Amino acid sequence: MKENDVVLKTVTKIVVFILLTFGFYIYLAGHNNPGGGFIGGLVFSSAFILMFLAFDVKKVLDSLPIDFRKLMIIGALISLITAIAPTFFGKSFLYQSEFTLHLPIFNEMHITTVTIFELGIVLSVVGVIVTIMLALSGGKS
């Protein structure tokens with residue numbers, strides 16, 4: 001990038017925040033509405049890719065404490081454990097359980113195991129997409 005990309009860098013800071021917030025919303029709304037882990041992961045990935053385009057890839061990777069290769073493995077393990085765990089309790093594969101958490105700020109929060117499964121999908125998609133994009137661009141992943 002050129003040295004005079006002040007507008008691009010300023011807009012990127014705002015757009016990345018919007019993309020991360022929207023990705024989080026899509027992830028949480030996914031089991032009741034259109035969206036979910038895969039689409040949320042793509043939106044999260046687009047935020048990281050935009051940062052890589054606007055700023056120096058090495059500086060962004062140094063500032064982020066994330067190893068995207070490990071992120072995709074952790075995500076796959078979370079999804080796999082969530083899918084297989086019910087079979088140890090006599091339930092079917094990918095059986096869905098639900099429970100309510102009582103939290104001080106949010107009062108009651110309804111959680112299902114699909115939310116945990118989708119978290120694994122988000123982490124896997126972000127890890128795979130960003131690793132592929134870094135490999136294609138010649139950056140270190």
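Visitor: Where is Phe-93 found?

Guide: This is a predicted model, and in it Phe-93 is found in the loop between helix H4 (68–84) and strand E1 (98–103).

Visitor: Why is Phe-93 called exposed?

Guide: The word exposed is used for a relative accessible area over 50%. Phe-93 has 52%, so Phe-93 is exposed.

Visitor: What makes a nonpolar patch on the surface here?

Guide: The residues of such a patch have over 30% relative accessible area, and their nonpolar side chains are joined within 5 Å. The patch is formed by Ile-73, Leu-77, Leu-80, Ile-81, Ile-84, Phe-88, Phe-89, Phe-93 and Leu-94. Their accessible area together is about 1,000 Å².

Visitor: Which residues of H4 are buried, and which are exposed on the other side?

Guide: Phe-68, Leu-71, Gly-75, Ser-79, Thr-82 and Ala-83 are the buried residues of H4. Seen down the axis of H4, these buried residues fall within an arc of 100 degrees, so they line one face of the helix. On the other side of H4, the exposed residues are Lys-70, Ile-73 and Ile-81.

Visitor: Why do residues three or four places apart point the same way in an α-helix?

Guide: An α-helix has 3.6 residues a turn, so residues three or four places apart point the same way.

Visitor: What do the buried residues of H4 pack against?

Guide: They pack against helix H2 (37–54), helix H3 (57–63) and helix H5 (113–137).

Visitor: How do you know that the span of H1 agrees with its number of residues?

Guide: The expected span is 1.5 Å times one less than the number of residues. For the 24 residues of H1 this should give 34 Å, and the end C-alpha atoms are 35 Å apart, so the span agrees. H5 passes the test too: its 25 residues should span 36 Å, and its end C-alpha atoms are 36 Å apart, which agrees. H4, with 17 residues, reaches 24 Å from its first C-alpha to its last, close to the 24 Å expected.

Visitor: Why is Thr-12 called buried?

Guide: Thr-12 is in helix H1 (residues 6–29). Buried means a relative accessible area under 20%, and Thr-12 has 2%, so Thr-12 is buried. Not counting residues up to four places away in sequence, Thr-12 touches Leu-50, Met-51, Ala-54 and Phe-55.

Visitor: Which other residues of H1 are buried, and what covers them?

Guide: Besides Thr-12, the buried residues of H1 are Val-16, Gly-23, Ile-26, Tyr-27 and Ala-29. The cover over the buried residues of H1 includes H2 and H5.

Visitor: What makes Phe-38 partly exposed?

Guide: Phe-38 lies in helix H2. Exposed requires over 50%; Phe-38 has a relative accessibility of 49%, so Phe-38 counts as partly exposed. Leaving aside neighbours within four places in sequence, Phe-38 is in contact with Glu-118, Ile-121 and Val-125.

Visitor: Why does Ile-129 count as partly exposed?

Guide: Ile-129 is in helix H5. Buried would need a value under 20%; the relative accessibility of Ile-129 is 27%, so Ile-129 counts as partly exposed. Ile-129 touches Leu-42, Ser-45 and Ile-49, residues up to four places away in sequence not being counted.

Visitor: What is the pattern of the chain, and how many helices and strands does it have?

Guide: The chain has five helices and two strands. Along the sequence they follow the pattern α-α-α-α-β-β-α.

Visitor: How much of the chain is buried?

Guide: Of the 141 residues in the chain, 33% are buried.

Definitions and conventions: Residues numbered from 1 in each chain as written. Predicted model: local features only at pLDDT ≥ 70, side-chain atom pairs only at ≥ 80, totals over all residues. Heavy atoms only, no water. Patch = residues over 30% accessible without salt bridge, like charges linked within 9 Å, V, L, I, M, F, W, Y side chains within 5 Å. Areas by Shrake-Rupley, 256 points an atom, 1.4 Å probe, with all protein chains shown as cover. Salt bridge = Lys/Arg side-chain N within 4 Å of Asp/Glu carboxyl O. Helix = DSSP H or I, 4+ residues; strand = E, 2+ residues; numbered from the N terminus. Buried < 20%, exposed > 50% of the residue type's maximum accessible area, 1.4 Å probe, protein only. Contact = heavy atoms within 4.5 Å. Arc of directions from axis to C-beta.
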